[in-house]
Each structure stands twice: as structure tokens, then as C-alpha cells.
Number of protein chains: 2
Amino acid sequence: MRVAVDAMGGDYTPQEAVVGCASAARDLETEVILVGDMGQIEAILKADCGGIEQPYITIVHASQQVEMDEPGAMAVRRKKDASISVAAKLVKTGEADALVSAGNTGATVAAAWLFLKSVPGIDRPAIACLLPTSKGQIVCLDLGAVVDCQPRHFVDFAIMGSVYAQRVLGCESPRVGLLNIGAEESKGNEVTKAAHRLLRDVDCVNFRGNCEPDEVFFGSFDVAVCDGFAGNILLKTAEGVGALLVGLLRNELRAASLDDSTREAVNEMVRRSLHGVAYEEHGGALLLGVNGVCIIGHGRSSAKAFVNAVNAAKLGIEGNVVGRIAQLAGAIEDEARAVPQA
Amino acid sequence: MRVAVDAMGGDYTPQEAVVGCASAARDLETEVILVGDMGQIEAILKADCGGIEQPYITIVHASQQVEMDEPGAMAVRRKKDASISVAAKLVKTGEADALVSAGNTGATVAAAWLFLKSVPGIDRPAIACLLPTSKGQIVCLDLGAVVDCQPRHFVDFAIMGSVYAQRVLGCESPRVGLLNIGAEESKGNEVTKAAHRLLRDVDCVNFRGNCEPDEVFFGSFDVAVCDGFAGNILLKTAEGVGALLVGLLRNELRAASLDDSTREAVNEMVRRSLHGVAYEEHGGALLLGVNGVCIIGHGRSSAKAFVNAVNAAKLGIEGNVVGRIAQLAGAIEDEARAVPQA
């Protein structure tokens with residue numbers, strides 16, 4: 001099992017990528033291919049990881065990188081030797097089994113789509129992420145890969161999200177909800193109303209109706225599907241509100257007259273409460289619908305986040321997420337072909 | 001100054017509405033007209049407010065009410081004597097200056113739109129709400145009145161939100177952001193991209209570009225505009241994440257070995273941190289774009305929430321929010337007419 005990591009993509013790379021991957025490779029006994037500037041990567045291995053020779057680590061040089069603020073898709077087309085493209089091509093040629101990047105999301109999606117190609121039967125890729133609920137976790141998708149969706153894309157998302165929940169979370173029959181602004185079928189915008197009607201009729205998905213945004217966090221659904229615009233709003237709102245509440249709490253804590261040990265105990269409680277909510281613990285999002293496991297890390301990924309991202313890639317490979325999606329998407333296509341056309 | 005309150009709309013009405021309004025009328029020295037079942041309202045005044053005769057309180061009977069789970073617009077058309085319609089008509093005829101309801105939101109929007117009519121120059125109404133930020137508050141709209149928006153509706157929302165921020169929050173030149181999933185102008189779905197181009201050219205709005213959902217809570221914008229679908233996702237996600245985090249914290253607190261007084265101190269800190277986030281403190285949302293002040297309370301409004309809703313209505317009247325919106329919308333219309341048609 002070999003994971004290709006774009007060592008240059010992200011706010012704190014290559015430093016955090018190299019340190020995190022060296023530790024992940026050793027601890028998870030997984031081969032990691034670091035893709036990026038050979039000189040910089042070797043210098044970090046030497047300075048912070050005890051030497052250039054590391055178990056399970058190899059380096060593949062790439063002379064270019066996509067910056068975080070570049071238009072991603074265009075950068076991938078122009079920079080032929082960008083680290084993200086070189087890493088994606090390793091998966092394409094079978095030299096690696098999964099791709100990890102914490103860099104420019106648009107570039108990662110574009111490179112994966114361009115080099116890995118789509119799973120037959122899947123029209124559009126989707127970024128899927130695990131969010132915390134009061135009872136565990138929920139798979140949400142799409143979180144930004146497809147901003148303007150057609151109703152049929154929601155069916156793809158429901159299939160891919162269900163496979164993810166089954167294979168990675170161990171959910172037997174994942175309860176799928178359509179992210180919407182009301183519980184009733186008549187609620188929502190034109191696209192969600194049409195998507196609701198389509199989802200109702202998909203046999204291989206356990207569709208349980210609309211899921212309101214607050215319900216996402218209650219634990220009554222295992223998968224929530226939405227277009228990339230709504231999903232990104234959900235994700236970033238959750239981040240913003242979390243940061244706001246924690247800031248307010250810390251202000252209160254500073255102002256409170258507590259002795260040092262109690263203050264530390266409360267701080268620790270806040271930290272533990274946030275543990276499940278922190279991006280570092282998840283290892284990032286999965287790009288589903290492409291022919292290969294592809295993990296999209298948070299731009300601010302730390303070394304720890306890279307460890308978890310490599311682990312997420314490993315789980316994706318072990319669960320054969322891509323193969324199972326291809327199987328279900330193929331079955332749906334066959335079904336559609338079997339329906340006499342009007 | 002007279003505020004007509006739909007005493008029947010909401011999960012805990014008429015009880016909480018009557019008790020809250022009796023206290024608001026007395027404390028704010030504001031005339032409140034309770035609209036609903038006369039017998040029930042009188043019984044509550046007698047049992048819980050010290051008697052039927054209350055300073056500043058009058059009752060107007062309505063024989064019907066719209067239930068929370070009815071399709072709102074249809075119910076308003078069918079139930080001619082529904083409390084929300086009777087209350088709206090009091091504003092229409094000038095017998096009241098503002099309308100308050102914590103009932104079925106669709107019914108409130110429909111009744112306000114039907115009986116109060118739109119402000120000339122405003123195409124669609126919008127539900128505006130104050131959300132907490134780390135530095136104060138932000139006006140967000142629309143939160144669910146218009147689910148499928150045209151780009152030009154965002155201009156109406158920007159004007160109405162700016163007036164609200166000026167007149168009610170005392171913001172001199174409100175910084176308006178377009179809720180979007182990226183900072184760059186090129187980001188977003190088709191509608192937001194077109195809205196961005198329109199907003200750039202509106203003279204009477206201090207447009208500061210895109211506002212990402214987490215930025216909503218950072219305090220760098222005073223107004224965020226969005227379509228009702230995205231706005232409702234934002235609002236309900238914030239509620240859900242808030243509830244999740246508080247639940248996690250309370251679990252940690254239960255499990256921690258703290259003495260009773262420390263536990264109570266920490267609980268109090270959590271409560272205070274949430275104070276600004278709680279719907280009870282805001283008095284609900286404002287329906288903008290109709291000819292009259294209209295406050296939409298949270299369905300779960302308590303007596304305290306009704307007090308704040310009546311106060312919010314008072315502020316809306318005093319700030320002449322409706323008059324100022326009409327003035328700006330009229331100016332924009334004149335401008336548009338002055339542009340030679342292609």
C-alpha cells in the first residue's frame with residue numbers, strides 16, 4: 001500500500017507534510033511517497049526526522065507547485081510539473097494507491113479528475129467530509145467540488161456517501177438525508193425539490209427524507225447530501241460558530257476568578273469537547289467519484305493532520321471505496337438503460 | 001406606538017405570548033394589541049398577570065389560527081379570520097404600527113406580503129436576523145423568505161440590510177458582504193457571481209466583496225446578503241453546532257471531578273457565552289420589504305422572547321426602517337429608469 005503525498009501543498013508545507021508523513025509511515029507501516037522539491041524535503045528529513053533515510057519513505061521530485069491562491073484548474077493545466085499533478089500521475093500509473101494533498105482544493109480536484117478520471121457512471125466528483133454529531137459522525141457531501149448541481153448529481157452523492165459510511169464508518173445501512181431547509185418534501189429550492197423526487201426512487205440508497213442543517217449534528221442521519229455551495233456554507237459556518245463559541249468561553253474563563261488548577265481543568269474540558277470537531281482529527285476530506293483514493297487535507301494542516309490524512313487514505317484503500325462506488329454506479333446505469341425511453 | 005401581536009402563533013402560545021406581552025407593555029410603556037382567542041387570552045391575563053385589565057393591553061378577537069405545520073401561504077388564503085391575518089390587517093388600516101408573530105413563518109410572510117404589500121421598488125421581502133460576532137452583531141438576510149433568488153434581489157437585500165444596520169444597530173456606513181464560498185469574485189454559483197457584479201455598482205451600498213461563512217462571525221462585516229436557501233442553512237447550522245458544542249461541554253462537565261460551586265461557576269460561564277447567541281435575546285427576525293414593521297419570532301418563543309420581540313418592533317418603528325428603505329429603493333428605481341434601455 002503506497003500513498004503519494006503532495007508535500008508542497010498547504011500553508012505549512014513542506015515542513016509539516018514531511019514531518020507528519022515520516023511519522024505516519026513509521027507508525028502505520030505504510031509506504032509514503034513524498035512529492036515535491038527534493039532539496040527542501042531532504043533538508044527537513046535531515047533536520048527534523050533524524051536523517052534522509054527513513055523507513056517506508058521515498059521522494060519523487062517535482063519542480064513546480066500550485067500556490068494556495070491560484071485558480072486551481074488553470075494552474076494544473078499550465079504547470080505540467082506541479083507536485084499535485086506528479087502525485088496524481090503516480091496513482092494513475094499504479095505506482096501509488098492513494099493521493100493526499102492539503103494544497104489548493106481546486107487544483108487537487110482538477111488534477112484528480114484529469115489524471116485519475118471519473119468512476120464510470122459517476123458524472124461529477126464530490127468532496128466528502130466527516131462531521132461530528134452528538135452520537136458519532138456523519139458523512140457530508142458535496143462540500144465544494146460541484147457548485148451548481150443538477151438533481152441527478154444528488155443521486156451520485158447519495159451512492160458515494162453511502163459507500164463511504166459503510167466501508168469507512170462501518171455503518172450497515174446508512175440513513176441518507178437531503179440537506180434542506182424544511183422537513184417536508186415541498187420545502188427547498190427548485191434543485192432540492194427535484195433531487196428529493198429522484199432520491200425517493202433509488203433502490204440502493206436508504207433515503208430518509210430531508211435533513212435540516214441543525215439535524216446534521218443530532219445523529220439521526222449517517223449521510224447528508226447537498227450541492228457544493230450549500231455544503232461549503234454548512235462546513236464553514238460550523239467552523240465559524242465553533243471558533244466564536246470557544247473564543248467567548250475563553251474570554252469568560254480569563255475573567256473568572258478560578259484558581260490555576262481549576263482553570264486548567266476547564267480549559268482541558270473545552271479542548272476535549274472540541275476534539276471531535278477539530279479538522280486535525282479527521283485527516284481531511286475524501287474526493288469521491290474519481291478512480292483512486294484521494295484525500296483533501298485542510299490548508300492549515302499540521303504534521304498531526306498529515307498523519308491522520310495518510311491514515312484516512314489507508315482506510316479508503318482497505319475499504320475498497322472506489323471499487324464499491326464503481327459497482328453501484330454501474331448497477332444504476334444498467335437500471336437506467338433497462339427503462340424504456342419515452 | 002401600537003404593536004399588534006399574534007397571540008396564537010408559536011409553540012407555547014397563547015400562554016407565553018400573553019405573559020410576555022403584558023410585561024413588555026408595562027415595562028416598555030408600549031401599547032400592545034393581543035390578537036387571538038379572546039377567552040383564552042383573558043383567562044391567562046387573569047391567572048398569570050394579575051387581572052384582565054392591564055395597562056397598555058387591548059385584545060382583538062380572532063376565531064382561527066394557522067398551525068405550525070400547515071402550508072403557510074395556503075392557510076392564510078383559506079382562514080380569513082386567522083390571528084396572523086387579523087393582526088396584519090390592523091397594521092394595514094393604521095390601527096397598529098407593527099406586527100409580531102412567533103407562528104408559522106410562511107404564514108407570517110404571506111400575510112404581511114398580502115395585507116401590508118411591498119415597499120415600492122422592492123421586488124421580494126427578506127427575513128433579516130442579527131447574528132453574534134466576536135465583535136458585536138451582523139445583519140444577515142435573507143434567511144428563508146425567498147428560496148430561489150434572482151441576482152437583482154441581492155441588491156434589494158443589501159439596501160434593506162444596510163438600513164437595518166444603520167437605523168437599529170447605529171452603524172454609520174455598514175460594510176456589506178455577499179455570503180459566498182470563496183473570497184475571490186470568481187467564486188460561487190452562477191447566481192452569486194452575477195449578484196457580485198451587480199452589487200459592485202450600487203452607489204448607496206458600501207459593498208466590501210464576498211464574505212465567507214466563517215467570516216460572518218468574525219466581525220469584519222455588518223451585513224451579509226444571501227438567498228433564503230443559503231441563509232437558512234447558515235442559521236440552522238449555527239444553531240446545530242452551538243447545541244452540539246454545549247452538549248459536549250456539559251457532558252465533560254458532568255464527568256469532571258469538580259466541587260459544586262466550581263461546577264456552577266463553569267455552568268454560568270457556558271450560559272454567559274451563549275447569551276449573545278440565544279434567540280431569546282434578539283427578539284426574532286425582521287421581515288423587510290413590506291410596508292410596516294414585522295417581527296418574526298422563533299417558534300419556541302418564551303415570554304422573555306416576546307418581550308424582546310415587542311422591543312425589536314419598537315426599535316424598528318422608532319428607526320423608521322420602512323420609510324428609509326422606501327426612500328433608497330425609490331432612488332435606485334429612478335436611477336434605473338434614467339439609464340437608456342438597450
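This is a predicted model: local features need pLDDT of at least 70, side-chain atom pairs count only at pLDDT 80 or more; totals for chains, interfaces and linings use all residues.
Residues are numbered from 1 along each chain as its sequence is written, chains are lettered from A and ligands numbered from 1 in the order in which they are written, and side-chain values use heavy atoms, with hydrogens and water left out.

Now, the two copies. Chain A superposes on chain B by a rotation of 180 degrees with 0.0 Å of shift along the axis, at an RMSD of 0.1 Å (least squares on C-alpha atoms of residues with pLDDT of at least 70 in both). The copies are therefore related as by a two-fold rotation axis. Of the contact residues of chain A, 100% recur in chain B (contact being heavy atoms within 4.5 Å).

Back to that cavity, meaning grid points, 1 Å apart, where a 1.4 Å probe fits but cannot get out, with lining residues having an atom within 4 Å of a point. Its lining includes Leu245(A), Ser273(A), Leu245(B) and Ser273(B). Helices α8 (228–255) and α9 (260–275) of chain A, and α8 (228–255) and α9 (260–275) of chain B, each give two or more residues (helices being DSSP H or I runs of at least four residues).

Thanks, everyone!

Methods
On a 1 Å grid over the protein atoms alone, a cavity is a set of points where a 1.4 Å probe fits but cannot get out, and a pocket is an open set with protein on both sides within 12 Å along at least five of seven lines; lining residues have an atom within 4 Å of a point.
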